[in-house]
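Student: Let's go through the terms one by one. I want each label set against its definition.

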Amino acid sequence: MPDHDHRNRVRLALEKACLNVQLTTEVEARAVELQEMGFKAYDSLHVACAEIGFADVMLTTDDRLLKRAKRFRSELSVRIENPVIWLMEILGNEET
């Protein structure tokens, strides 16, 4: 990442992570499957890592990724959501 500020913010966020998913042949194979569904290369790696890491949800503001994820929802083992919508849902569920 050429932007030092952005790199530092990402580094700080990663320090809070409780799980680090390694790039394995399993992740790479799943990423190839996702690319065949039309996901972009980096998106497919992110989704594959979220799946392999058993994430409950993967948050993104990428509208194209969200649209593709919705289309292939039944073929994904991770929920992909817009963070604002997801947070509203979570907060709404806490009120009930």
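Student: What makes the crossing of α2 and α3 right-handed or left-handed?
Tutor: The crossing of α2 and α3 in this predicted model is right-handed. A crossing is called right-handed if the near helix is turned clockwise from the far one by less than a right angle, and left-handed if anticlockwise. Helices here are DSSP runs of H or I, at least four residues, and strands are E runs of at least two, numbered from the N terminus.

Student: Which residues make the contact between α2 and α3?
Tutor: From α2 come E26, V27, R30, A31, L34 and Q35. From α3 come A41, S44, L45, V47, A48, C49, E51 and I52. Contact means heavy atoms within 4.5 Å.

Student: Why is α2 called oblique to α3?
Tutor: The two helices pack at about 125°, with axes 8 Å apart. Angles run from 0 to 180 degrees between N-to-C directions, with axes fitted to C-alpha atoms over the stretch in contact. Under 35 degrees is roughly parallel, over 145 roughly antiparallel, 65 to 115 roughly perpendicular, and the rest oblique. Therefore α2 is oblique to α3.

Student: What does the largest nonpolar core hold?
Tutor: It has 16 residues; L34, V47 and M58 are among those with the most contacts inside it. Such a core is a set of buried Ala, Val, Leu, Ile, Met, Phe, Trp, Tyr and Cys residues joined through side-chain atoms within 4.5 Å. Buried means under 20% relative accessible area, with a 1.4 Å probe and protein chains only.

Student: How much of the chain counts as buried?
Tutor: 23% of its 96 residues.

Student: How are the values set up?
Tutor: Local features need pLDDT of at least 70, side-chain atom pairs 80 or more, while totals for chains, interfaces and linings use all residues. Residues are numbered from 1 along each chain as its sequence is written, and side-chain values use heavy atoms, leaving out hydrogens and water.

Note on methods:
Buried < 20%, exposed > 50% of the residue type's maximum accessible area, 1.4 Å probe, protein only.
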